Amino acid sequence: MNQSAGTANPVYPGEFSGSTGLLDLRTHQPADVIEAPTSVNEAFLGSMRAMLLRNRGNFVVATLLIGTQGTTAWEGLLYEVGNDYFVIYQTGRQRYIACDIYALKYMEFYDTRQRELCENLLRQDGTQSAP
């Protein structure tokens, strides 16, 4: 059993290790594994939950189905992912929003590093006024 750096959680060889801190929407699995997983771990790596776990800490907009036709959207940092829920943290309001993972219809992911770069380029070009 290996220990991941700086944490007390054990990481076993070949086990999913979670977020890298970067936007990561790929499964990193070969196509044959995605199409026909042969183990529970392979199936997990191709799941929505695994994708959400890989992207903890990123800015997201989650659209959830309310009833049969209504939707609502929450935006903020993807803070935590559980078996049947995820938590979004809204920094401006300093609040946490727990959401039902089964009500999730869409999740928009933003690469905040790229957004800052684009804003800086626009400022330099003079097409956007500085705050």
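Guide: Two strands pair if DSSP finds at least two bridges between them. Strands (E, at least two residues) and helices (H or I, at least four) are DSSP runs, numbered from the N terminus. This is a predicted model, in which local features need pLDDT of at least 70 and side-chain atom pairs count only at pLDDT 80 or more, while totals for chains, interfaces and linings use all residues. Residues are numbered from 1 along each chain as its sequence is written, and side-chain values use heavy atoms, leaving out hydrogens and water.

Visitor: What order do the strands of the open sheet have?

Guide: The order is S6-S5-S4-S3-S7, with antiparallel pairing across the 5 strands. Strand S6 (95-100) and strand S7 (104-110) are the edges, each pairing on one side only. Neighbouring strands are turned by 40 degrees against each other on average, direction ignored. For such angles, axes are lines fitted to C-alpha atoms, and the scale runs from 0 to 180 degrees between N-to-C directions.

Visitor: Over how many bridges do S3 and S7 pair?

Guide: Strand S3 (residues 59-66) and S7 share 6 bridges, in the antiparallel sense. Look at Val61: Glu108 in S7 stands opposite.

Visitor: Which residues have the most contacts inside the largest nonpolar core?

Guide: A nonpolar core joins buried Ala, Val, Leu, Ile, Met, Phe, Trp, Tyr and Cys residues through side-chain atoms within 4.5 Å. Buried means under 20% relative accessible area, exposed over 50%, partly exposed in between (1.4 Å probe, protein chains only). Here the largest core has 17 residues, and Leu52, Phe86, Leu104 and Met107 have the most contacts inside it. Helix H3 (48-54), S3, strand S4 (70-81), strand S5 (85-90), S6 and S7 each give two or more residues to this core.

Visitor: What is Phe86 in contact with?

Guide: Contact means heavy atoms within 4.5 Å. Leaving aside neighbours within four places in sequence, the partners of Phe86 include Ala62, Leu64, Leu78, Ile97, Leu104 and Met107.

Visitor: How many aromatic pairs does the structure hold?

Guide: Rings of Phe, Tyr and Trp (its six-membered ring) pair if their centres lie within 6.5 Å; planes under 30 degrees apart are stacked, over 60 edge-to-face, the rest tilted. The structure holds 4 pairs. The rings of Tyr79 and Tyr89 have centres 6.4 Å apart and planes at 50 degrees, so this pair is tilted. Tyr79 lies in S4 and Tyr89 in S5, so the pair ties together parts 10 residues apart in sequence. Tyr79 is partly exposed at 46% relative accessible area, whereas Tyr89 is buried at 18%. Tyr79, Tyr89 and Tyr96 form one aromatic cluster.

Visitor: Where does pLDDT stay under 50?

Guide: pLDDT is the predictor's confidence in each residue, from 0 to 100. The chain mean is 78, and 72% of residues reach 70 or more. Values stay under 50 over residues 1-15 and over residues 127-131. Where pLDDT is low, the predicted coordinates should not be read in detail.
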